[in-house]
Amino acid sequence: SLLSRGLKMAYLGFCRSVKLLGRSASHPRPLLGISFPSTGRHTSTDSKNKFYELRTYSIQPSKFGEFIKLTNENLHLRLAHSRLIGYWTTELGGLNEVVHLWEYDSYFQRTNVRKALSKDKTWIETYLSKASTMMIKQDNVVIYPLPWCPLNFEPDKNSNVYQLVCDSIFSGRIPQWEHRILQGWDARLKYSKPVGIWKSHYGPLNNVYQLWIYDNLDHQKQVEDDAMADEEWKETYRDTALLTQSSWSKGLVPVDISPMK
């Protein structure tokens, strides 16, 4: 009868549910394929979620040397929580300033890192409580790498200098800027390669950040002159400049503890 058939189907459904529950208890499935970390030091396999936090601190002039010494001696405590790409002092384009770049796999990871740091008594007592009294101002921006220019991270034991460039693009014009610069990108790469290129997501919007590495400041100027003498790159630079509201650059020198030397 229809009643007995319905009872039989309900019974079979119940048995199937019990079996699935038993399998889930012994072999739990990750929710939607996502493995949530138990600590902040998690490495995601989904690179599209990866982002970088660029921090800039202004330091009291009379405390700058002391701040750098304290940082070199104690920043290893911070490195136990998340990955540092580089830590620099600003040599040109700013004074008494430090710039550092941190990598995160997700905002979930960053939240965990910040929570862990707020409970790390050694970090707070040994470094943060002292360093914070030497600071005048702190800024940070969240930046995402452009897909056609992945991070070129190679810790180097040699002494280098870096150029950090920020271009503020007219609102809505970053795709056009990317399209045009890619047309002449091979010409620029003949002279040097960037560490990375990113666009801003939190902080000032419509900004593109470029980080370049050179042997020294004279080498940077020579490479720039050589690239601008290349007609293909010169034309590309001219066209992208029409999409740019303003630009600035800084000459950076790595501190001793910086992974990028």
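This is a predicted model: local features need pLDDT of at least 70, side-chain atom pairs count only at pLDDT 80 or more; totals for chains, interfaces and linings use all residues.
Reader: How wide an arc do the buried residues of α5 cover around the axis?
Author: The buried residues of α5 are Trp123, Tyr127 and Ala131. They lie on the same side of α5 because the arc they cover, taken from the directions from the helix axis to the C-beta atoms, is only 50°. An α-helix has 3.6 residues a turn, so residues three or four places apart point the same way.

Reader: Which elements are included in what covers the buried residues of α5?
Author: Helices here are DSSP runs of H or I with at least four residues and strands are runs of E with at least two, numbered from the N terminus. The chain has 9 helices and 8 strands. The cover over the buried residues of α5 includes α2 (64-74), α3 (76-79), β2 (83-92), α4 (107-118) and β4 (135-145).

Reader: Which residues does Trp123 touch, not counting those up to four places away in sequence?
Author: Trp123 sits in α5, residues 121-131, and is buried because its relative accessible area is 7%. With contact taken as heavy atoms within 4.5 Å, Trp123 touches Asn74, Leu75, Leu77, Arg78, Leu117 and Leu128.

Reader: Which residues is Cys166 in contact with, leaving aside neighbours within four places in sequence?
Author: Cys166 belongs to strand β5 and counts as buried because its relative accessibility is 3%. From Cys166 to Lys199, 33 residues apart along the chain, the C-alpha separation is 9.4 Å. The contacts of Cys166 are Asn207, Val208, Tyr209, Ser246, Ser247 and Trp248.

Reader: What is the volume of the largest cavity?
Author: Rolling a probe the size of a water molecule over the atoms shows where empty space is left. On a 1 Å grid over the protein atoms alone, a cavity is a set of points where a 1.4 Å probe fits but cannot get out, a pocket is an open set with protein on both sides within 12 Å along at least five of seven lines, and lining residues have an atom within 4 Å of a point. Points are joined across faces, edges and corners, and a volume is the space filled by probe spheres set on them. The search finds 1 cavity of 30 Å³ or more, and the largest cavity holds about 50 Å³.

Reader: Which strands each supply at least two residues of the lining of the largest cavity?
Author: Among the lining residues are Leu54, Trp88, Ile143 and Trp198. The lining divides into 10 nonpolar, no polar and no charged residues, where Ala, Val, Leu, Ile, Met, Phe, Trp, Tyr, Cys and Pro count as nonpolar, Asp, Glu, Lys and Arg as charged, and the others, Gly among them, as polar. At least two residues each come from β3 (97-104) and β7 (207-214).

Reader: Which residues are closest to the centre of the largest pocket?
Author: The largest pocket has a volume of about 470 Å³. Of the 21 residues that line the largest pocket, the closest to its centre are Val165, Gln210, Glu224, Trp233 and Tyr237.

Reader: How do the residues of the lining of the largest pocket divide?
Author: Elements that each supply at least two residues of this lining include β5 (161-169), α8 (217-228) and α9 (231-241). The lining of the largest pocket divides into 11 nonpolar, 7 polar and 3 charged.

Reader: What is the phi of Asn206?
Author: Most residues other than glycine have a negative phi. Asn206 lies in the loop between β6 (194-202) and β7 and is partly exposed because its relative accessibility is 26%. Although Asn206 is not a glycine, its phi is positive, at about 65°.

Methods. Residues are numbered from 1 along each chain as its sequence is written. Side-chain values use heavy atoms; hydrogens and water are left out. Buried means under 20% relative accessible area, exposed over 50%, partly exposed in between (1.4 Å probe, protein chains only).
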